[in-house]
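I opened a new notebook page for this chain.

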Amino acid sequence: MFLAFVVILIAGGVFGVRRFLRNKARNELKADGIASIEAGDYEDAIAKLDEALSYSGGKIGEFETEVLEARAEAEYLEADYGASLHTWQLLLENDEDSRKYKEGAVLCLLANGHLDEALAMEALQSRVYNKIAVGQIEAREYEQALETIERGIQAPEKSAMEDLLYNQAAVYGYMGEFEKSLELFEAYEAEYGPNEKAEREITFLKSRVSGAGE
């Protein structure tokens, strides 16, 4: 009986040591992976984070979630948008309401030009609408672009508001509505301050408006 008890203690101790070493190794890999991201070595970061995940046996707990988030970031910075999207989708399977994960997925979809899918995610919508509007402007679909920009302006998320307002002002200029364009560019500068591009547009528009009044 005593011998059996000793065997159990030894076995438990061995298991505890193995678990300690396993956790130490995966935590070191996670830390090294994050350090590689900060150093700009995204390929190395992905390799280390994948190795950290290899200790997990397919389950996703708190540790795995943190590693996957870091890997998704590294993949995005490496411009491997398909891989990053896949990682964000794995995270969304575990937390489908996460705003952070939806936004990560949207950025990947935007980078790959999948605008309809990005819009369906219902996150970062101002950025999505701005990206759609840019394509419409390039195609000289100015009326459609103005409608899209307005949707972006009305979106609850405002991260692309500066770009939307700039593009709105520019579209009116492309349409030959110089006074309206000038008015909007001046309002844009009042809100965000002067910049070289806006100043050039304002100078040009003032010359057109004053020339039209002569």
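Predicted model: local features only at pLDDT ≥ 70, side-chain atom pairs only at ≥ 80, totals over all residues.

I began with a rule for touching: two residues are in contact when heavy atoms lie within 4.5 Å.

Residues are numbered from 1 along each chain as its sequence is written, and side-chain values use heavy atoms, with hydrogens and water left out.

**Entry 1. The whole chain**

I looked up the secondary structure and found 11 helices and zero strands. Along the sequence the pattern reads α-α-α-α-α-α-α-α-α-α-α. I then checked burial, using these cut-offs: buried is under 20% relative accessible area, exposed is over 50%, and partly exposed is in between, with a 1.4 Å probe and protein chains only. Of the 214 residues, 37% are buried. The accessible surface of the chain is about 12,700 Å², and carbon and sulfur atoms hold 52% of it. Those areas come from the Shrake-Rupley method with a 1.4 Å probe. Among contacts with a separation of 6 or more, 40% join residues 24 or more positions apart.

For helix pairs I needed axes, which are lines fitted to C-alpha atoms over the stretch in contact, with angles from 0 to 180 degrees between N-to-C directions. I sorted the angles as follows: under 35 degrees is roughly parallel, over 145 roughly antiparallel, 65 to 115 roughly perpendicular, and the rest oblique.

The axes of α7 and α9 (residues 161–174) come within 10 Å and cross at roughly 20°. The two helices are therefore roughly parallel. Which residues of α7 and α9 meet? I listed S126, N130, V134 and I137 from α7, and D163, L164, N167, V171 and Y174 from α9. For classes, I counted Ala, Val, Leu, Ile, Met, Phe, Trp, Tyr, Cys and Pro as nonpolar, Asp, Glu, Lys and Arg as charged, and the others, Gly among them, as polar. The contact of α7 with α9 divides into five nonpolar, three polar and one charged residue.

**Entry 2. α5 and its partners**

I took α4 (residues 81–94) and α5 (residues 99–111) next; their axes are 9 Å apart, at an angle of about 155°. This pair is therefore roughly antiparallel. From α4, the residues Y81, S84, L85, W88, L91 and L92 meet K100, Y101, K102, G104, A105, C108, L109 and A111 of α5. By class I have 10 nonpolar, two polar and two charged residues in the contact of α4 with α5.

I then turned to α3 (residues 62–77) and α5, whose axes come within 11 Å and cross at roughly 20°. The pair α3 and α5 is therefore roughly parallel. Here T65, E69 and Y76 of α3 make the contact with K100, Y101, L107 and C108 of α5. The classes in the contact of α3 with α5 are four nonpolar, one polar and two charged.

**Entry 3. Two lysines**

Is K30 buried or exposed? I found K30 in helix α1 (residues 2–39), and K30 is buried, because its relative accessible area is 17%. Leaving out residues up to four places away in sequence, K30 touches L49, A52, F63, E66 and V67.

K48 sits in helix α2 (residues 42–53). K48 counts as partly exposed because its relative accessibility is 22%. With the residues up to four places away again left out, K48 touches L29, D32, G33 and S36. I also noted that 8.9 Å separates the C-alpha atoms of K48 and I34, which are 14 residues apart along the chain.

**Entry 4. The loop between α6 and α7**

I looked up E122 in the loop between α6 (115–120) and α7 (125–138). E122 has a positive phi of about 55° although it is not a glycine. L124 lies in the loop between α6 and α7 too, and has a positive phi of about 50° without being a glycine. I recorded E122 as exposed because its relative accessible area is 56%. L124 went down as buried because its relative accessibility is 8%.

Conventions:
Helix = DSSP H or I, 4+ residues; strand = E, 2+ residues; numbered from the N terminus.
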